[in-house]
Amino acid sequence: MQQTTNTILMIRPVGFRMNEQTAVNNYYQKDISASEKITTAAINALAQREFDAFVEKLQSNGVNVVVINDTEQPSTPDSIFPNNWISFHENGDIALYPMFAENRRLERREDVLETLEEHNFIIENVVDYTEAEEEEIFLEGTGSMILDRDNRKAYCALSPRADEELFIEFCEDFEYTPVIFTSNQTVDNRREAIYHTNVMMCVAEQFAIVCLASIDDKKERKNLLKHLKETRKEVIDITEEQVNAFAGNMLQVQGTNKQRFLVMSTSAYQSLRKDQLQKIEKYNTIIHSSLATIESCGGGSARCMMAEVFLPKK
């Protein structure tokens, strides 16, 4: 098994805006249309610019990016974050996930699979968890779960968008050892569950970036560290302030000649201390791109925008 891939699926937005349905438990979202008196069309245009510049950076470093345009209808303001509704696996399996926000369920598109098949990827089997939506049970893909594919461990911070039983079912189906914990952030002096695990944690081949202070339960924190140490990962601890700048929302990818890159936003990069950057750069080069509009309105960053394609090729 490999932990990183050279192929990334990305969805170019056509109606990007702040999604009021996800804002109820994604505390990173901001309504800039009200505060900065900017139209939704202008917000979408800014997001498209950020998206295109980001794709160009990845491609110029040899990352194979499959870009699919979103459709005007139905309205899917968060389509730019495809890693929440689909994941791709080396054995040719794909998984489809139950989504918390009703308008996000509309992001699941058959033609995305057809496009990948046109790129000579083989889809053997679809494992569909979406029926869980009828029971208000959710598990939002590699947003809710961080997969250590190489060591077959899956990390999950429980939240309204990450159900424990469904996560364990996924781990049984895909043969992962589940590592479960709760990760919190401070909102108006209250501790609230972080909506997605991939906001506070990133697992790369030789290291892991994690906000240990967000795991309030000492036993859970110790257990998480035990699993990371077992897999010989150097643990790079980040602060809650850095999480707020999306420093947990990173992904390691392969570029030209299998060179490893850690991909993040410019705000994440700028939040990191010199010693943290040195630790990361021991293992791979950093690619960062400005995603300010996408982060403000969408409450997600670089990692959320990239669905890794591990499917076998013809």
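Ser301 is buried, because its relative accessible area is 0%, under the 20% that sets the limit for a buried residue. The structure is a predicted model, so that value, like every other one here, is computed from predicted coordinates.

Where does Ser301 lie? Ser301 belongs to the loop between helix 10 and strand 17. Helix 10 covers residues 292-298, and strand 17 covers 307-308. Which residues does Ser301 touch, leaving aside its neighbours within four places in sequence? Its contacts are Phe81, Phe246, Asn249, Ser265, Leu291 and Glu295.

Strand 15 spans residues 260-265. It belongs to an open sheet of 3 strands in the order 14-15-16. The pairing in this sheet is mixed. Strand 14 (251-254) and strand 16 (285-289) are the edges, each pairing on one side only. Neighbouring strands are turned by 35° against each other on average, with direction ignored.

Look next at how strand 14 meets strand 15. The two run antiparallel and are joined by 4 bridges. Within this pairing, Gln252 stands opposite Leu262 of strand 15.

Helix 2, residues 40-60, lies across strand 15 and strand 16. Against strand 16, helix 2 runs at about 160°.

How many bridges join strand 3 to strand 4? There are 3, and the two strands run antiparallel. Strand 4 covers residues 93-96. Phe88 has Ile94, in strand 4, as its bridge partner.

How far can the model be read? The mean pLDDT of the protein is 91. A pLDDT of 70 or more is reached by 93% of its residues. One stretch needs care: over residues 23-29 the pLDDT is below 50. In the model, this stretch has 32 contacts beyond near neighbours in sequence. Where pLDDT is low, predicted coordinates should not be read in detail.

How values were computed
Residues are numbered from 1 along each chain as its sequence is written. This is a predicted model: local features need pLDDT of at least 70, side-chain atom pairs count only at pLDDT 80 or more; totals for chains, interfaces and linings use all residues. Side-chain values use heavy atoms; hydrogens and water are left out. Two strands pair if DSSP finds at least two bridges between them. Axes are lines fitted to C-alpha atoms, for helices over the stretch in contact, and angles run from 0 to 180 degrees between N-to-C directions. Contact means heavy atoms within 4.5 Å. pLDDT is the predictor's confidence in each residue, from 0 to 100. Buried means under 20% relative accessible area, exposed over 50%, partly exposed in between (1.4 Å probe, protein chains only).
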